[in-house]
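I opened this notebook to record what I looked up in one structure.

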Amino acid sequence: MTTQQGHRRRPAVWALLAITLTAVLAGLTTGSALADPAPSGGKLVLVLDSSGSMKEPAGDGQTKIAAARTALTQVVSKLPSAAEVGLRVYGATVFKRTQAGACTDTQLTVPIGTSNRPQLQAAIAKYKPFGETPIGYALQQAAKDLGPVGQRTIVLVSDGEATCAPDPCVVAKSIAKQGIDLKIDVVGFRVGGKARTQLQCVAREGRGDYYDADSTIDLEAGLDRLSTRAFRPFRISGTPVQGAAQQEGAPVLAPGHYSDTFGVDDTSKHYLLKRTMTGSTLRAGVSFRRPSGGSLVIQTEVRINTLTGEQCGWSYPRGFDGDQGLATGTAASWSKYKKKNDECAESDQLVLTVNPGKDFRELKGVPYELRIDEEPPVDDTASLPAAAGDPVWVPMAGSTPREIVPGSSFPDAPLLQPGSYKTTLMPGELQLYKVKADWGQRIQAQVTVPELAGATAEALDGIRYLDTALISPIGEDVYAVFSKKVPGGGYTRGVLTKRGLVKGVTNKEIRYLNRNGANNQDTGTSTPGEYYIAVSLTRKDDDKAFAIPLTLTVGLEGTAGAGKPTYVDGATPVSGDSVTPTPTAEPSETPAGDKGDKTEAGGPVQGSSDSDDGTPVGLIAGLGGGGAALLVIGVFAVLRLRKKPAIAQPGATSWQHGPHQHPNPQYPNQGPQYPDQGGQQPPQQPPHR
């Protein structure tokens, strides 16, 4: 998540390069929860390989089929009682591919339901290796099992390559067209070569995750995470609206919380923002999860303009590296340099535009959230405290950690009080928490990973990078770049080894006059509300499914309510969570022109086998130190280090690609470069896009 912002001022002279080329996948671990919401109405179908190769050794003294039974039994016992789950197998009844029905050999052994745990356990106990591997056809049938609407997840477990047409990768792509709420996760059980590449493709095209498993423990960990996350997936929330292709006829939005989708081309979507208080500050935040694959960087654009075209504020939310990264950005009507009768500050309506940018084809049909806030003007600013300076970390008293289930998206992030919490974190997983902070307060969050040993230390395989961030209620990254005495150093990326890790993150004290600052760490901390803590761990191409234990300690420093402004006529700010406007027509889930794929079962695939002992072929999850990384660094240097650019660039912000981390992971301990800490400059016009 990276945002390049403008507020009618010149950009920073010093810039912070922000490139973290790692996979960040939304996820959730299990455990006894402090705040464990009920399942969100999703459905899950487990699709299991029952082919003959499941008789082979699993690498830990038992066969693959025995390992699968053990892992599945444990996972099913942990599923929420209200979760809708079903079980489908393939290759269970026809022995040879030359026999009739071999390539359509799949059965829904346990229909999807909530009160079927005994049936699931009984079916798992009878699960035996037998026939062929018609993965593609089994996936088609699983999609039908789940139905056409709602949050739907297929979790595929396979130990080999498909032996029947259709190609499962092509099928996964077709299934993904059925809607953003349907995805395919995959666990490859002791696979390599072509089989591994094919299964990775299924996960990638199906907008899901892929994990390797070499043992019973690996398999249980992968299934545990994927099946649990099916009921708390990353999701977009808000009242559906449809932005217009032009300003005329655009929907009028009061402050509130909305959702829309990117269109089929590079046309901007327009919305009219209704100002309810003369002289108020309107803010708009855009958040979305970029699809996997495709371009290294997807850059979008959000702007607030006047009806006559004057630029008020803008930013460029970015998603990195094709691994479903979260991108957020904001724009505001406020400028320190507003003039008398300034349209941005006084107009009854302003225009909000959201543009997908040059990579619009990759964002076609991707949903995004819109949060619109309105803050009244204040009676007097002379009596308010000055903009906050750089914070100094205050040691926090330890407490007995309480178990917690993290959120995997903004809507399901649990609300934390000061104290300590314990959970686990998997490679590639994104965890979100929220903390309510008032005027005069700032948040401190510290992640502690103990020394690792045994299988976990071995699976860690060297070093990992643990990323942290703080995100404002409207969607700005508010990490305090120059905070002092912060555990683990003054940037968001921590280096995790088997010795463990301590990493802290904090923001500036929330003050009204922070709005006049040059960077997100200032403007993003100019209003109170629910702030988000984000935590993620990098993953490697050949990762097994494993989890590290961690403790999250949260504190609030400062006096609540200190420096609270007095608004004109006793008015009250209106936030995106406090208003639920009347919805407009639902946006279409399937972009025009997508007809879907009619592929059905075909004949046997010639020359393929049920398992493959070839060398594993990994996907490239990140670039570090090589030519591609240098190219990206060069691009960012051009964007950020120009002395006189036409657009405002106070420094990109990102929880996973933050301005405070070195772009080359080979040198994680090098300190951050220094952004411009000056105030706003007189208004400048950004270039036409």
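The entries below record what I looked up, topic by topic.

**Entry 1: the model**

I noted that this is a predicted model, in which local features need pLDDT of at least 70, side-chain atom pairs count only at pLDDT 80 or more, and totals for chains, interfaces and linings use all residues. Residues are numbered from 1 along each chain as its sequence is written, and side-chain values use heavy atoms, with hydrogens and water left out. For the element names, I took helices (H or I, at least four residues) and strands (E, at least two) as DSSP runs, numbered from the N terminus.

**Entry 2: helices α1 and α2**

Two packed helices are described by the angle between their axes and the distance between the axes. I used axes that are lines fitted to C-alpha atoms, for helices over the stretch in contact, with angles running from 0 to 180 degrees between N-to-C directions. Helix α1 (residues 64–78) packs with helix α2 (residues 117–126) at an angle of about 175°, and their axes are 9 Å apart. The two helices are therefore roughly antiparallel to each other; angles under 35 degrees count as roughly parallel, over 145 as roughly antiparallel, 65 to 115 as roughly perpendicular and the rest as oblique.

I then looked up the contact, which means heavy atoms within 4.5 Å. From α1, the residues R69, L72, T73, V76 and S77 meet R117, L120, Q121, I124 and A125 of α2. These residues divide into five nonpolar, three polar and two charged. Here Ala, Val, Leu, Ile, Met, Phe, Trp, Tyr, Cys and Pro count as nonpolar, Asp, Glu, Lys and Arg as charged, and the others, Gly among them, as polar.

**Entry 3: helices α3 and α4**

The axes of helix α3 (residues 135–146) and helix α4 (residues 168–176) come within 8 Å and cross at roughly 20°. That makes α3 roughly parallel to α4. Their crossing is right-handed, a word used if the near helix is turned clockwise from the far one by less than a right angle, and left-handed if anticlockwise. I135, G136, L139, Q140 and A143 of α3 make the contact with P168, V171 and I175 of α4. I counted these residues by class as six nonpolar, two polar and no charged.

Is α4 buried or exposed? Seven of its nine residues are buried, so α4 is largely enclosed by the rest of the structure. I took buried as under 20% relative accessible area, exposed as over 50% and partly exposed as in between (1.4 Å probe, protein chains only). The buried residues of α4 are P168, C169, V171, A172, S174, I175 and A176, and they pack against α3, β7 (182–189) and α5 (193–205).

**Entry 4: a six-stranded sheet**

Strands of a sheet pair through backbone hydrogen bonds, either parallel or antiparallel. I counted two strands as paired if DSSP finds at least two bridges between them. Six strands form an open sheet with mixed pairing, in the order β5-β4-β3-β6-β7-β8. β5 (106–113) and β8 (210–213) stand at the edges with a single partner strand each, so one side of each is left without a neighbour in the sheet. Neighbouring strands of this sheet are turned by 15° against each other on average, direction ignored. Strand β4 (residues 84–90) pairs with β5 in the antiparallel sense over five bridges, and R88 has L108 of β5 as its bridge partner.

**Entry 5: strand β13**

Which residues cover the two faces of β13 (281–289)? T281, R283, G285, S287 and R289 lie on one side and L282, A284, V286 and F288 on the other, and all are buried. Nine of the nine residues are buried, so β13 is largely enclosed by the rest of the structure. Eight bridges join β13 to the antiparallel strand β19 (residues 367–375), where D373 is the bridge partner of R283. β13 also pairs in the antiparallel sense with strand β17 (residues 326–332) over seven bridges, and S287 stands opposite T328 there.

**Entry 6: strand β16**

In strand β16 (residues 311–320), 10 of the 10 residues are buried, so β16 is largely enclosed by the rest of the structure. Strand β15 (residues 301–305) runs antiparallel to β16 and is joined to it by four bridges; V302 has S315 of β16 as its bridge partner. The hairpin of β15 and β16 has five residues between the strands, and G309 takes a positive phi near 100° in it.
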